[in-house]
Amino acid sequence: MTSAETIRAIQENIARVIKGKPHVIEMCLVALLARGHLLLEDVPGVGKTTLAHSLARSLDCSFKRIQFTSDLLPSDIVGVSIFNRQKQAFEFIPGPIFANIVLADEINRTTPKTQSSLLEAMSEAQISFDNKTYPLNPPFMVIATQNPAEYHGTFPLPESQLDRFLMRLRIGYPAPEEEKKVLERASSLHPAEELLPLLTASEVVQLQDQVDKVFTEESLTEYLLAIVRSTRQSELLALGVSTRGALALSRAAKALALVRGRTYCLPDDIKELAPIVLPHRIMVARQTGLHQRSFDQAERIIRDLVDTIPVPV
Amino acid sequence: MGYSFLEQPMLLSQALHLTSILLASASFIGLTLGAGLPEWLAALTGMTLIAVLLQNMGMKSVDRFTTRMPVSAIGWNLIVFGGFVGFWIDLLWVSGDLLPAGLHFLMILMVIKLFNLRLRRDYLHLYAISLVAMLASGSLMTDLWFFPIFSIYLLAGAWTLLLFQLTKTSEVGGDVWMPEPIRHERHEGSHRVSPRLFWIANGLAFGAFLITVVIFFTIPRVNAGIYQKGFGENLRMSGFSDKVNLGAIGSIKRDPSVVMRVELPRSPLNDARPFYIRGVSFDRYDGKVWTNQLSYRRSLIEESPGTFTFRGKRAFSRAQLGEAIQQKILLEPLDTPVLFAAPFIESVMGMFPSLFFDATGAVYLPFPSSSRIEYTVVSRSNVLVSEDLGSESELYPESVVRQYLQLPFQPDRIKTLAAEVTQRQHNPYEKATAIQAYLTRNYRYSLDAPLAEQQQPLEEFLFARKTGYCEHYATAMVIMLRTVGVPARLVTGFMATEWNEYGNYYVVRQQDAHAWVEVYLPHSGWIRMDPTPTEDNPAAGGPVWKVLGPIVDNIKLQWNRLFVQYSAADQLAVVRELKAESMSVRNKALDSMTVLFSAFMTLLSEIVSHDVSRIRIGLLGELLGFAGISLAILFWLRRRRPWTAWNLWKNDRNDELVIVQCYRTMRNYLIKKGLSSSTAIAPLELVEITRSRWRDAHFSVASITELYCRTRFGHIPLTYEDLKRAEDELHHLLELQKSSL
């Protein structure tokens, strides 16, 4: 199977569980192939967990789920050292982070300290513990979820940390007929459990390496930078997209090109991804009177900005 | 070409490529055999042709060499420019002649084109080049070799034209956007050279060949088109048979069709107008009809090819002659063999098999011409010498007396009248002038005089109606002169009055047909006299035509001269002129370069010999200014780095330029059509919008966009078929009516 066919097979596989959301599934794969992490922001019960679960099931990868609560400690994620009496030494017991795909559920419910322990792992792909570093096995992907409807008792992630997520996605309610299909499912089993793995971890890594080879034409890089620069110059934004943001957009575009079966990027990739990859990296200016962290607001501003940047011809 | 379809049918585009190369090869071989090329150029072109041919037949190694020639579009342009510079060098120094230099340049262009056969227009350029090369080889080579080469050229030409048309129309449209796989594989079957097509093309080629041969051998080698007026439709010139029926000219005096154009070296003086163009003269009148008794014709002597002269033995010539008048006459087909010219003809230049003249000084063709003829005549008229003004002697030569004093049976009344008119005059000239004045003054000019049927038209005119036109006047004058013993004759011809100042020529029409009188004076010879009163002929048409008419008529004349009458001799003259011209251009260029060079040397020596102390402030300022400008240029070069755009050895981006242009055109067109409003639209978005809002255009837009994306952003080279498809789709799109929006 060529990479394009493999990717399509995975998409179809997941689509058997997550009905009517091909775009979300595609973006999920983009995040995976771009070695990025995903922040799913939506109300409960639209399939955030199921999505992460199906993805993990489709790949022959280890999958751990961490339910973030306010009393969760860093060690609950990273792992603990326990004194081994037989060996007369401290022994590192890896936490749930040592998995290929980690679902961090309701990430904004835990304390910043715990959050940051996860985020270090996300950016470094390794865990430092007791002066020792433990590399995480590739592929490593964190799918975090948070509920935008709740504010009480939450610790919203700061922009610097949101930046670590490649993209922020919303799933949204399914269309009525798709929803009907979900309800009509006969099996009592969790739908994700029915999926068969299609790819091994090493094959995922190979696909990730292929993303690096996707060709981005010089003018596209300039186009991308023009978009990023426009966020920094916009009066509506207090904080523009960082260089890491630009890098993320570039990587995501390459991954999208691969997912769509191309060996080169198109302006369309960048244009489509900008409202997904960029909004959580910007701050809406206070004087606009808009809610600073409104998801929709930021997304709309990005969309408007992108619509002013001429596409290279 | 046969092998191609027997084993594996060839793709149409591949076949087109092959026949195009064959076409180029035929013209190249023609040139080489005609020794029109130096060895190195022949070798270069030959090798290129072989390489491209091998590539066409699927030799991968050659393919890599030719299609991956690492020269960008700008690089090719530079090469063409270099070739052009080489052409001038060739013209000025190496071969020093326009034809070889042009051929060398042509071959270089061909080589360049062969390496760049991507678009349909490239193919068209190649055809144009090979056509010119073929024409050139046709002029260089006269031996039998030309025949097989020409046959090959014709065959390849028929094939090429057919395939060119087929590849244009055989694109079949689908309606789905297919992201990656190349779509045209689907229709591959219909894109191949089928056996039927093979025979059709060869049949066409053979048919074309047959038609060429037939036309070649059947078209007469005269300067006449096959659709030109035949004998039956010649202009009627009833006045110019061997007799003149009194009243015959009247019917044609209203016909404005052009009979001839008489070009003069310079505008005639006012007193030389009107311009009389003599046809034939008549000596015998029987009361109703004029005839020429001296109609025995002898050949004119052809002095040199195309030049006929009287050898100085002009009929009835006299010592004193007028100024020589050179006329260039373009004569329309007439039903008379008479060659018209101003009196009296000394020599005639024209492409005639032979010419004849009679004793009256008229010149004849062997037979009436069925086409336009052009000839040049030098004439000298007789001058009225002073002896004839004073002398009363009436010593006429015997032959003149015998021929030109003949009278019809009963001229008593006329004799009385003539005697009355001339009673006070003593010498022939005065008598003639008196009669002329009498007729002019006392008779009224009118074309509505049906005198032809009358028993005695002359008496009727002179004594009853006193109304008539030129023939009556002239006849009356001749007869009256003869009754008083002055030899005279009637002359018919044309009286040209319409001077075209744009082309320096007289336009002579049927209505200018005229009859006048020649009087024989003892010392001067035949002198023209015209008793007909001048009559104002209103020009035809409105005021606009008065202005435009001469211009249009001049264009007609030039067309005839440059194209219809164009002959091998003219060709040679043009070539010689070109050669002389190119030589003079070359000399001039060399001269000016010498001048420039010497000026430069003078300047240099002056600078060298200049004392340092004598360097003025001004010079310093100039130097500083120069340095400043240089620095500015350097700075600009550093900033803008224009050479980054000139990367000659970058991978071939020629097709990218083309497809980007295609896409741009398409996008601007769609924006104009209101499908999109901004330049911030990405390619696939555009496709999507078209799909939802203008379904008819969707396939074209999708195809172009796919190819564009592939090349522009993927740097994947396109094949010729791709580019052709893109261009065709673009044409299709631009022709689409935006109906279903």
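Predicted model: local features only at pLDDT ≥ 70, side-chain atom pairs only at ≥ 80, totals over all residues.
Residues are numbered from 1 along each chain as its sequence is written, and chains are lettered from A in the order in which they are written.

**Exercise 1.** Describe how helix 20 and helix 21 of chain B cross.

*Solution.* Start with the elements: helices are DSSP runs of H or I with at least four residues, numbered from the N terminus. Helix 20 covers residues 683-693 and helix 21 covers residues 695-712 of chain B. Next, take the axes, which are lines fitted to C-alpha atoms over the stretch in contact, with angles from 0 to 180 degrees between N-to-C directions. The two axes come within 8 Å and cross at roughly 170°. That makes helix 20 of chain B roughly antiparallel to helix 21 of chain B, a label for angles over 145 degrees.

**Exercise 2.** Work out which residues of chain A and chain B meet, and of what kind they are on the chain A side.

*Solution.* Then look for the main contributor: helix 11 (residues 267-277) of chain A gives the most to its side, with 3 residues. Finally, sort the chain A side: 10 nonpolar, 3 polar and 4 charged. Here Ala, Val, Leu, Ile, Met, Phe, Trp, Tyr, Cys and Pro count as nonpolar, Asp, Glu, Lys and Arg as charged, and the others, Gly among them, as polar.

Note on methods: Contact = placed C-beta atoms within 7 Å. Helix = DSSP H or I, 4+ residues; strand = E, 2+ residues; numbered from the N terminus. Parallel < 35°, antiparallel > 145°, perpendicular 65-115°, else oblique.
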